[in-house]
Amino acid sequence: MPLPKAELHLHIEGTLEPELAFELATRNGVELPYADTEELRAAYRFSDLQSFLDLYYALMTVLRTEDDFAELTDAYLARAAAQGVRHAEIFFDPQAHTSRGVELDTVVAGLVRALERAEERHGVSAQLIMCFLRDESAESAMATLEAAKPHLAHIAGVGLDSAEVGHPPEKFREVYEAAGRLGLRKVAHAGEEGPPEYIRSALDVLGVERIDHGLRAMEDPSLVARLVRERMPLTLCPLSNVRLRTIDVLKNHPLPRMLEAGLMATVNSDDPAYFGGYADDNFLAVREALGLEDEQLRLLARNSFLASFLEHDEERRSRYLAEVDAYDFAG
Ligand code: ADE
Ligand code: ZN
């Protein structure tokens, strides 16, 4: 039985496995520029974030109907549950769908349909985090927030993703202020490819409550000290970092140094269909490559529940934490 954990950094569009992509392409009459799943998988060799994003946006064009989004999400939840995920806070990218004519209502309805059955089908609690594409304009992000107003009962928070360098958090100050006024929680990708200053401005300008990735914080000791002092959660994605070449090989990942520094690290899968593994695959990979001890893995799992947006259900959080505490690594 895998270690119980929360997944806090997961793009639902990044869970689109080649088999489902081809099935949906056929169903929706979308032509993919690959002969079969094998040829598609062979294209999963990335040189950086942008080279991945190009394929990620191209492949998600097969997602068109409410059923497609529900099926995608249900398939993720089944996989996640098998890997010990008890709670998932799931990112989605509205602009990547609305820009090609798929209505926000369609996307949200499909996601919500799967989430409403998540507990009974998979034993997983789940929430949605709506991400703005940072390489699109602030006006487009604001319009997306506006369009999401009828759906806010189903959206826990906002995030910021896509191409980081050249798109600093400052660009989205007003959008995050507006999201805050709507009672939404706030996270943002920062310090994946972008510099430590982007992490500082995500905190200071956007007022985020978690940093997604935050890998490059390690270049700035005073920032590390601040993140430790504020117990700011970092949602690390080790297999993603290797596949997108922000880290050369997993054994050089700074996770052990981050834990030693006292950072509140969590381990997540980012875009598991593309990066070679779901939540527990990431845990197993860091255990193997970095020689993490059982109690360090337990700490990472504890952190995931402590950093999750479960304030509305502290009883549930306590139950999950008790499960982590009772977990027997030898069993
Ligand atoms: N969108 C999907 N995955 C992402 C990542 N790792 N970084 C930024 N944007 C993304
Ligand atoms: Zn991400």
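Biologist: Is R245 buried or exposed?

Modeller: R245 is exposed, since its relative accessible area is 59%. Please bear in mind that this is a predicted model.

Biologist: Where does R245 sit in the fold?

Modeller: R245 belongs to the loop that runs between α12 (238-243) and α13 (255-261). Its phi is near 60°, which is a positive value in a residue other than glycine.

Biologist: And what about phi of S162?

Modeller: S162 is not a glycine either, and its phi is positive, near 80°. The residue lies in the loop between β4 (157-161) and α9 (173-181). S162 counts as buried because its relative accessibility is 7%, and buried means under 20%.

Biologist: Let us turn to the ligand. Which residues surround ligand 1?

Modeller: S162 is one of them. The surroundings also include the aromatic residues F52 and Y56, the histidines H11, H189 and H213, and the acidic residues D161, E192, D270 and D271. L49 and L53 complete the set.

Biologist: Which polar side-chain atoms lie by a nitrogen atom of ligand 1?

Modeller: A polar side-chain atom of D271 is 2.6 Å from a nitrogen atom of the ligand. For E192, the corresponding distance to a ligand nitrogen atom is 2.7 Å. In the side chain of H11, an N or O atom is 3.4 Å from a nitrogen atom of ligand 1.

Biologist: How much of the accessible area of ligand 1 does the protein cover?

Modeller: The protein covers 100% of the 260 Å² that ligand 1 has on its own.

Biologist: Changing topic: which residues touch the most other members of the largest nonpolar core?

Modeller: They are Y76, F92, L255 and Y274, in a core of 107 residues. Apart from that core lies another one of five residues, including F91, I129, V187 and F309. As a general point, nonpolar side chains tend to be buried together in soluble globular proteins.

Biologist: What does Y274 touch, leaving out residues up to four places away in sequence?

Modeller: Y274 touches E13, G14, L16, Y44, F46, F52, L55, Y56, L59 and R243.

Biologist: How many disulfides does the structure hold?

Modeller: The structure holds zero disulfides. C131 is in none, and the nearest cysteine sulfur to it, that of C237, is 12 Å away.

Biologist: Where is T266 placed, and what does its side chain contact?

Modeller: T266 is in strand β8 (residues 264-267), and it counts as buried at 0% relative accessibility. Its side chain makes a polar contact of 3.0 Å with the side chain of N268. Beyond its neighbours within four places in sequence, T266 is in contact with residues including L8, L234, T235, L236 and A307.

Biologist: How far is Y34 from F22?

Modeller: The C-alpha atoms of Y34 and F22 are 9.4 Å apart in space, and the two residues are 12 apart in sequence. Y34 touches F22, and its contacts also include E39, L40, A43 and L55.

How values were computed
Residues numbered from 1 in each chain as written. Chains lettered and ligands numbered in written order. Predicted model: local features only at pLDDT ≥ 70, side-chain atom pairs only at ≥ 80, totals over all residues. Heavy atoms only, no water. Core = buried A, V, L, I, M, F, W, Y, C linked by side-chain atoms within 4.5 Å. Buried < 20%, exposed > 50% of the residue type's maximum accessible area, 1.4 Å probe, protein only. Contact = heavy atoms within 4.5 Å. Disulfide = S-S within 2.5 Å. Near = heavy atom within 4 Å. Polar contact = N/O pair within 3.5 Å; in protein donor to acceptor, adjacent residues only side chain to side chain. Areas by Shrake-Rupley, 256 points an atom, 1.4 Å probe, with all protein chains shown as cover. Helix = DSSP H or I, 4+ residues; strand = E, 2+ residues; numbered from the N terminus.
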